[in-house]
Amino acid sequence: MLHVNAPPYAGGPDPPEGGQTVRAVAGTSSLTEQVIEAVREAIHSGELRPGELYSVYRLAEQLDVSRTPVREAMLRLAEAGLVRFERSRGFRVLRRDPREIAEVFHLRLLLEVPATRRAARHAGSGLARTLREELEAMRAAAADHDEPCFMRHDRAFHDAILAAGANRRLAEVVAGLRDATATLGASTVDRSRSLADVAAEHEPILAAVLGGDPDAAAAAMRAHVAHTGELLVAQAAAESGRSADPDDIALIRDTADESTM
């Protein structure tokens, strides 16, 4: 759980429900971002359980911050579908929707695969150097088991490819899709694969760019994004005690197949 350097919270009315302890937050990033991360971690650890009702007041006390960043964080989590506000009662943690994850990765495949092909077709030495540096940083972070650092470089790797595709709006849309996945707290790390495994999936992308092979670069990106999506859909379904819906998996796989055409 994160810890945040913030002025002590003065407290508020006693909440009716939600007695689990969520650790205080501390750090240098915005309080809202840290509260989002703390809540996601608490959901992942079971401290905040799907279906139960919790109080914003109590959560602010447990995190030792004021109510404002907590409210802002919960609004963003509600927009992402991770929690739902209940009028005058608090918020309820929702289960991640496998279909929503499948739809996000359906869109990512439609956008990122052709963008990767275009980037590889027009790649210069600058893109190859950036991708090599980011992958090396990912490997170092994986060795240190530093997931936040790893994910920053993972994102920078993908962002460099999208920027090279010379479509700013496409890059912004994909960034929004990645933000939606991150806000949901959806991650395969230490559940379906390791950080080193994720880094390894980027190696064929880099090799194809270095080799000047646009089709191979697109195929490697397709395999990476589709694999991530399928794992996340399966994890979200398992959280609800069921197997992944074949239609959700098919949405990703069929899109991956179509993106090669």
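**Entry 1: helices 8 and 9**

I began with helix 8 and noted that it passes helix 9 in a left-handed crossing, a term that applies if the near helix is turned anticlockwise from the far one by less than a right angle, clockwise being right-handed. The model is a predicted one, in which local features need pLDDT of at least 70 and side-chain atom pairs count only at pLDDT 80 or more, while totals for chains, interfaces and linings use all residues. Residues are numbered from 1 along each chain as its sequence is written, and side-chain values use heavy atoms, with hydrogens and water left out.

For the helices themselves I took DSSP runs numbered from the N terminus (H or I, at least four residues, for helices; E, at least two, for strands). I found that the axes of helix 8 (residues 195–210) and helix 9 (residues 214–239) come within 7 Å and cross at roughly 165°, the axes being lines fitted to C-alpha atoms over the stretch in contact, with angles from 0 to 180 degrees between N-to-C directions. Helix 8 and helix 9 are therefore roughly antiparallel, the word used for angles over 145 degrees. On the side of helix 8, the residues in contact (heavy atoms within 4.5 Å) include Glu 201, His 202 and Ile 205, and on the side of helix 9 they include Met 221, His 224 and Thr 228.

**Entry 2: helix 5 against helix 8**

I then turned to helix 5 (residues 125–143), which packs on helix 8 at an angle of about 165° with the axes 10 Å apart. That makes helix 5 roughly antiparallel to helix 8, and their crossing is left-handed. Among the residues making this contact I listed Leu 131, Arg 132 and Leu 135 of helix 5, together with His 202, Glu 203 and Leu 206 of helix 8.

Is Glu 112 buried or exposed? Glu 112, placed in helix 4 (residues 98–121), is buried, because its relative accessible area is 1% (buried means under 20%, exposed over 50% and partly exposed in between, with a 1.4 Å probe and protein chains only). Leaving aside neighbours within four places in sequence, I found Glu 112 in contact with His 158, Leu 162, Val 174, Met 221 and Val 225.

His 158 belongs to helix 6 (residues 147–164) and is likewise buried, with a relative accessible area of 1%.

**Entry 3: Leu 231**

I looked up Leu 231 in helix 9, which counts as buried at 18% relative accessibility. Leu 231 and Ser 187 are 44 residues apart in sequence, yet 9.0 Å apart in space, C-alpha to C-alpha. Beyond the neighbours within four places in sequence, Leu 231 is in contact with Thr 188, Ser 192 and Arg 193.

**Entry 4: helix 2**

In helix 2 (residues 56–63) I noted Val 56, Leu 59, Ala 60, Gln 62 and Leu 63 as the buried residues. They cover an arc of only 165° around the axis, which puts them on the same side of helix 2, where the arc is that of the directions from the helix axis to the C-beta atoms. At the start of helix 2, a side-chain oxygen of Ser 55 reaches to within 3.1 Å of the backbone nitrogen of Tyr 57, and Asp 64, which follows helix 2, has a positive phi, near 60°.

**Entry 5: the whole chain**

Finally I recorded that the protein has 10 helices and three strands, and that 45% of its 261 residues count as buried.

Terms used. Polar contact = N/O pair within 3.5 Å; in protein donor to acceptor, adjacent residues only side chain to side chain. Parallel < 35°, antiparallel > 145°, perpendicular 65-115°, else oblique.
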